[in-house]
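Please open the structure in a viewer and keep the selection panel at hand.

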Amino acid sequence: MIKLNDLKNDFEFTDIELFRSLNLPTGASLMIERERRVIHSICRLHRPLRILEIGVAYGGGSAVILNAISDMPNSKLISIDVGDYEITGHIVNELMPGNKQWQLYKGKDPVEILDDINENYDLLIIDSMHLHPVETLNFLAAFPFLNRGAIVIIHDISMHAQSFANGNIAPQLLYSAIVADKLLIKRKSRNDFVNIGVLQINEDTPKYISNLFQVLNVNWYCPPHNYFKLKEFVLKHYDENCNILFDMAIDYAVRNELNPACLGLDIAEFYKKAFRDFSIKWQNTLFTDTVSSLSSYKRLVLYGGGQFCHHILMHLNLSTDKNVCMPDEIWDINATEIININGVPVITPKFDDLLIPNEYGVIITIGDYSVCEDIERKFLSIGFTNYVII
Ligand SMILES: C[S@@+](CC[C@H](N)C(=O)[O-])C[C@H]1O[C@@H](n2cnc3c(N)ncnc32)[C@H](O)[C@@H]1O
């Protein structure tokens, strides 16, 4: 176990050879390398016995954790995702088939199963919906099972600062509201969004846990997975004051448009359906809407052939929306090394062609925002405006 306050700013390079030995396919994790290094290093330094991961997607993050604890035979990772898709967690099955240190629960919200699993965790990683109140509810579901000194990592705490996701305040709301020791990861430049929050539970955390219930009174952008189970869980694990704040939050949420009574539906069914619709939407529309918005142009280009590009292609492939087409080209400065991605040709950027009227719609799919800004400046300098930064 480590004390977070003792960590030096370069801790994220701990046992870097082991980190590099994991051959993670591009796009397998929705975290960038630096964030994966933070998770890897915290695992190496803290040596947690039980780790809880909420939000798995393809399983790239799970693979990073399992790799980091591969020489700690007593350590185990428990991963939970409400999604119950074939692709949920598939990266672990591909890279580490039959890994005995991993238990995956699909199609479940943490409140539905943490009582039954009944473990105590030294490390919690939350990377789920990004829409309030989901992250806060995820933390409240895990908190009764966290050991004193447990470390909590919250991903995407700066997602709201990125142009495509400015409603996604849930991770930052949660990170701000927990009373704990927090690690200040210094940014490297003004364009550097530090997107991962690391904190350690201390003796004040339980004293001020009602702050989290206060935060639940901020507008909800997404219904809970299982309202009845959630209420049962809060009654069982939290005191009367927390329950008063929780009931108030539910009343606000219900009054504030998510009103099942108005629709004459059973409340649990309503929430369940709304959540499923929302979850699928969240997974798909972020990219499909962007693609549709550029559909009037003859050629659709993804600029950047890295992780985001792979991720977008995967979603477009799965989409059933008939307005959604696959891109015609991927532009990448390393095009000579990459011939195609998912069958889409990768070529070097062709700035001169952008001036052909109505020919090109471009989606910039590069994680480093300063690189996006450079490309944007180049576009604007030649008068090209049919682009979106994602
Ligand atoms: C951003 S992805 C996770 C990415 C993953 N951590 C990685 O490293 O690639 C978010 C995932 O959280 C899941 N999710 C959303 N709400 C959830 C909830 N209440 N409980 C568990 N998982 C949830 C979604 O189904 C989705 O697969």
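The stops below cover a sheet, a helix and a loop.

The model is predicted: local features need pLDDT of at least 70, side-chain atom pairs count only at pLDDT 80 or more, and totals for chains, interfaces and linings use all residues. Residues are numbered from 1 along each chain as its sequence is written.

**The sheet.** Select the six strands that form an open, mixed sheet in the order β10-β11-β9-β8-β12-β13. Strands (E, at least two residues) and helices (H or I, at least four) are DSSP runs numbered from the N terminus, and two strands pair if DSSP finds at least two bridges between them. At the edges, β10 (340-341) and β13 (387-389) each pair on one side only. Next, select β8 (residues 299-303) and β9 (residues 329-331), which run parallel and are joined by three bridges. Here Leu302 stands opposite Ile330 in β9.

**A helix to inspect.** Move to helix α10 (residues 227-237), where Tyr227, Leu230, Phe233 and Val234 are buried. A residue is buried if 20 or more other C-beta atoms lie within 10 Å of its own, exposed if 12 or fewer, and partly exposed in between, with C-beta atoms placed from the backbone. Seen down the axis of α10, the buried residues fall within an arc of 125 degrees, so they line one face of the helix; the arc is that of the directions from the helix axis to the C-beta atoms. On the other side of α10, select Phe228, Leu235 and Lys236, which are exposed.

**A cis peptide bond.** Finally, select His132 and Pro133: the peptide bond from the former to the latter is cis, with omega near 15 degrees. Pro133 lies in the loop between β4 (121-126) and α6 (134-142).
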